[in-house]
Amino acid sequence: MVVIDKVSRRFSIDGGKTSVLALNNVSNEIKRGEVVVIIGPSGSGKSTLLRTLNGLEGIDEGSISIDGAELSDRKTCMNTLRTEVGMVFQHFNLFENKTCLENIVLPQVVVLKRDKSEAQEVARKLLDKVGIPDRENNYPRQLSGGQQQRVAIARALAMNPKMMLFDEATSALDPETVSGVLNLMKDLARDGMTMAVVTHEMGFAREVADRVIFMDGGEIVEEGSPDSFFDAPKSTRAQKFLEQII
């Protein structure tokens, strides 16, 4: 599904005087239907890597292909690709002046060119799927953080994505609402959705991931099954990281 080949990404700082290597020669693959959880300390490159997978972040070297489409190929339509690779962010990015239903309907009509009535039917089914069917006429300000994140997930799913990316989707939520969003993500995984998830929720990683990737310094330091990674990490860096958070 995803092939990441020797990808590097640099960011300029100090007005372009110096640069930071956010990704350093990263290579990996994600199989169709696989759930990959990416963990690591702040600044390790995990969110940057995730954002490169739907072209929100460019790359300086290497290549990325999604379902056979090379992201840097001029023939690849990035708008089409982004509909196929849904992304849910730490902050919900909902339209504050539109209801829950309208937030889910609008991208279907504008991007997928769906008839409004069809888009509304899809939106209502998804609001039911994410557990808030009674909130379709509420505005984001009338919802809790967890409910807003459920709307954001429904909006992404409305585009019929081949893959879902989650960038610390629960880190802005209060502890009482985290579990509900994580359970929704677990349901998506059980349904066979291909997923790449950046998270600090180690319990979720252990329970749901097919594979855990540990990053530090813009590199993949270690990867493996949840059991092998959490019970017997091979690298000293991963061992120190787990000692601090578990």
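This note goes through the salt bridges and the nonpolar cores of a predicted model.

1. Basis. The model is predicted: local features need pLDDT of at least 70, side-chain atom pairs count only at pLDDT 80 or more, and totals for chains, interfaces and linings use all residues. Residues are numbered from 1 along each chain as its sequence is written, and side-chain values use heavy atoms, with hydrogens and water left out.

2. Salt bridges overall. Side chains of opposite charge can pair when their charged atoms come close. A salt bridge here is a side-chain nitrogen of Lys or Arg within 4 Å of a carboxyl oxygen of Asp or Glu. The structure has 18 of them. One network of salt bridges links Arg9, Arg51, Glu57 and Asp60.

3. Glu61 and Arg10. These two side chains form a salt bridge, at 3.2 Å from N to O. The pair joins distant parts of the chain, with Glu61 in strand 4 (residues 61–66) and Arg10 in strand 1 (residues 2–13), 51 residues apart. Helices (H or I, at least four residues) and strands (E, at least two) are DSSP runs, numbered from the N terminus. Glu61 is partly exposed because its relative accessibility is 39%, and Arg10 is partly exposed because its value is 37%. On this scale buried means under 20% relative accessible area, exposed over 50%, and partly exposed in between (1.4 Å probe, protein chains only).

4. Glu34 and Arg211. Here the salt bridge is 3.0 Å, N to O. Glu34 sits in the loop between strand 2 (18–30) and strand 3 (35–39), while Arg211 is in strand 9 (residues 211–216), 177 residues apart. Both Glu34 and Arg211 are buried.

5. Arg190 and Glu207. The closest N and O atoms of this salt bridge are 4.0 Å apart. The bridge connects helix 6 (residues 175–190), which holds Arg190, to helix 7 (residues 202–208), which holds Glu207. Arg190 counts as exposed because its relative accessibility is 58%; Glu207, at 48%, is partly exposed.

6. Cores. A nonpolar core is a set of buried Ala, Val, Leu, Ile, Met, Phe, Trp, Tyr and Cys residues joined through side-chain atoms within 4.5 Å. The largest has 50 residues, and Phe166 and Met195 have the most contacts inside it. Helix 6 contributes the most to this core, with 7 residues. Another core, apart from that one, has 24 residues, including Val7, Ile30, Ile38 and Leu71.

7. Met195. Neighbours within four places in sequence aside, Met195 is in contact (heavy atoms within 4.5 Å) with residues that include Phe166, Met185 and Leu188. Glu34 is also among them, and Glu34 is the buried partner of Arg211 in point 4.
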